[in-house]
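Please look over the sequence and the 3D structure below. The report then takes up a few residues and their surroundings.

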Amino acid sequence: MAVPKRKSSKARKNKRRSNVWKLDAPAMCRCTQCGSFKLPHRVCPACGYYKGVEVIKVEE
């Protein structure tokens with residue numbers, strides 16, 4: 001069984017793990033009703049529509 005000869009330092013350990021925890025930018029799509037950007041599968045915050053149906057009344 002392979003055993004490390006020396007203790008790996010905290011810096012080396014953290015360098016090795018650094019690429020795992022990067023976050024991706026959220027996916028954005030255009031609203032079919034008003035054309036503003038919104039998160040997919042969510043109600044549009046600008047117009048209040050979801051899949052062509054008004055879900056929330058938005059005051060302008």
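A residue is called buried when its relative accessible area is under 20%. A salt bridge is a side-chain nitrogen of Lys or Arg within 4 Å of a carboxyl oxygen of Asp or Glu. The model is predicted.

**A buried lysine.** Lys38 sits in strand 2, residues 37-38. Lys38 is buried but has no salt bridge. Glu54 is the nearest side chain of opposite charge, and it is 15 Å away. What lies 3.2 Å from a polar atom of the Lys38 side chain? The backbone oxygen of Arg42 does. Beyond its neighbours within four places in sequence, Lys38 is in contact with Ala27, Met28, Cys29, Cys31, Cys44 and Pro45.

**Positive phi values.** Most residues other than glycine have a negative phi. His41 has a positive value, and Lys51 has a positive value too. The table sets out both residues.

| Residue | Phi | Place | Relative accessibility |

**A nonpolar patch.** Val53, Val55, Ile56 and Val58 make a nonpolar surface patch of about 320 Å². Val55 lies in the segment after strand 4 (53-54). Leaving out neighbours within four places in sequence, Val55 is in contact with Val43, Gly48, Tyr49 and Tyr50. Val55 and Arg16 are 39 residues apart in sequence. Their C-alpha atoms are 47 Å apart in space.

Key:
Residues are numbered from 1 along each chain as its sequence is written. This is a predicted model: local features need pLDDT of at least 70, side-chain atom pairs count only at pLDDT 80 or more; totals for chains, interfaces and linings use all residues. Side-chain values use heavy atoms; hydrogens and water are left out. Patches are made of residues with over 30% relative accessible area and no salt bridge: like charges are joined within 9 Å, nonpolar side chains (Val, Leu, Ile, Met, Phe, Trp, Tyr) within 5 Å. Accessible areas come from the Shrake-Rupley method with a 1.4 Å probe; for residues, only the protein chains shown count as cover. Helices (H or I, at least four residues) and strands (E, at least two) are DSSP runs, numbered from the N terminus. Buried means under 20% relative accessible area, exposed over 50%, partly exposed in between (1.4 Å probe, protein chains only). Lys and Arg count as positive and Asp and Glu as negative; His and the chain ends are not counted. A polar contact is a pair of N or O atoms within 3.5 Å; within protein, one must be able to donate a hydrogen and the other to accept it, and residues adjacent in sequence count only if both atoms are side-chain atoms. Contact means heavy atoms within 4.5 Å.
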